[in-house]
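Me: I have a structure open and I'd like to learn how to read a few of its features. Could you take me through them one by one?

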Amino acid sequence: MSSNLIIETRELSYNFGKQRVLDQVSLKVPRGCIYGFLGPNGAGKTTTIKILLNLLQSDQQNVFLFGKALSDFRIPILSKIGSLIEKPAIYDHLTGKENLINRARLLGVSSKRVDEMLQLVELKETGNKIAGKYSLGMKQRLGIALALLPDPELLILDEPTNGLDPNGIIDVRNLLQKLTSGYGKTVFVSSHLLSEVEKMANYVGIINRGKLLFQGSIQELHALNASLVS
């Protein structure tokens, strides 16, 4: 496996009963990029993410993160990943800051990280507001802050802009770009919106009905689209 790849899957397939939901998916996610995992609902995006997070297990040794097989190095690999799947796990009766303090204690992380994360996700001014009164976009940013508390190298997000208004989408996009350009993180983000992925990502994988139809840089995707149109 290339040392430049944070995520690699090799002909990854997965079945739910007799239904094949992933069919020989070979991902290659370079270090330090935003990788947009694009496809319609039911294409296999969430199943792939759950396998990367070991919430579902592949029966073959074909999932590699940070250059190591997930099946052999599960705990050290997962300790370097932050994730947000579906909606954030937030206590609505606590403030944003209290949510981060509680998570920091559970993880054994320095409390200094709490204010740093509030600043990073631009919730410093509303950190003492009850989280249940946050907008959906603010909750998403708080969820990302929770995922970033242990300072992971890789952030995996499943449809983080789903349901957000335009301002919320822009806020999340700007945050993810800041994480890669300013903090050296690698971000793997799923979406069903091509227009959003084009504005956010450096690399794209397009999946439909469990098959990876395209993988490459945004420039390569644009060149392909141009050749198909001409």
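Reply: Happy to. Let's begin with a polar contact: a pair of N or O atoms within 3.5 Å, where, within protein, one must be able to donate a hydrogen and the other to accept it, and residues adjacent in sequence count only if both atoms are side-chain atoms. Here, the side chain of Asn62 makes one with the side chain of Ser58, at 2.9 Å. Before we go on, this is a predicted model, so local features need pLDDT of at least 70 and side-chain atom pairs count only at pLDDT 80 or more, while totals for chains, interfaces and linings use all residues. Residues are numbered from 1 along each chain as its sequence is written, and side-chain values use heavy atoms, with hydrogens and water left out.

Me: Where is Asn62 found, and is Asn62 buried or exposed?

Reply: Two terms first. Helices (H or I, at least four residues) and strands (E, at least two) are DSSP runs, numbered from the N terminus. Buried means under 20% relative accessible area, exposed over 50%, and partly exposed in between, with a 1.4 Å probe and protein chains only. Asn62 sits in the loop between α1 (45-52) and β6 (63-65), and with 6% relative accessibility it counts as buried.

Me: Which residues does Asn62 touch?

Reply: Contact means heavy atoms within 4.5 Å. Not counting residues up to four places away in sequence, Asn62 touches Glu8, Thr9, Arg10, Glu11 and Leu12. Take Arg10: it is 52 residues from Asn62 along the chain, yet their C-alpha atoms are separated by 5.0 Å.

Me: How many residues of α1 are buried?

Reply: Six of the eight, so α1 is mostly covered. The buried ones are Lys45, Thr47, Thr48, Ile49, Ile51 and Leu52. After α1 comes Asn54, with a positive phi near 65°.

Me: Which residue other than glycine has a positive phi near 60°?

Reply: That's Asp151. You'll find Asp151 in the loop between α5 and β9 (154-158), partly exposed at 46% relative accessible area. Phe66, also not a glycine, has a positive phi of about 55°. Phe66 lies in the loop between β6 and β7 (68-69) and is buried, with a relative accessible area of 13%.

Me: Now the helix pairs. At what angle do α3 and α4 cross?

Reply: Axes are lines fitted to C-alpha atoms, for helices over the stretch in contact, and angles run from 0 to 180 degrees between N-to-C directions. Under 35 degrees counts as roughly parallel, over 145 as roughly antiparallel, 65 to 115 as roughly perpendicular and the rest as oblique. The axes of α3 (residues 96-107) and α4 (residues 112-120) cross at roughly 135° and come within 9 Å. That pair is therefore oblique. Lys97, Leu100, Ile101 and Ala104 of α3 make the contact with Val114, Asp115 and Leu118 of α4.

Me: How do the residues of that contact divide by class?

Reply: Ala, Val, Leu, Ile, Met, Phe, Trp, Tyr, Cys and Pro count as nonpolar, Asp, Glu, Lys and Arg as charged, and the others, Gly among them, as polar. The contact of α3 with α4 has five nonpolar, no polar and two charged residues.

Me: And how do α3 and α5 lie to each other?

Reply: With α5 (residues 136-148), the α3 axis comes within 10 Å and crosses at roughly 20°, so α3 and α5 are roughly parallel. Gly96, Asn99, Leu100 and Arg103 in α3 meet Leu142, Ala145 and Leu146 in α5. By class, that contact of α3 with α5 has four nonpolar, two polar and one charged.

Me: What about α5 and α6?

Reply: Their axes are 10 Å apart and they pack at an angle of about 20°, which makes α5 roughly parallel to α6. Gln140, Arg141, Ile144 and Leu148 in α5 meet Asp171, Val172, Leu175, Leu176 and Leu179 in α6. The classes in this contact of α5 with α6 are six nonpolar, one polar and two charged.

Me: Which residues does Thr180 touch?

Reply: Thr180 lies in α6 (residues 166-183) and is buried, at 14% relative accessible area. Leaving out residues up to four places away in sequence, Thr180 touches Gly32, Cys33, Ile34, Lys185 and Val187.
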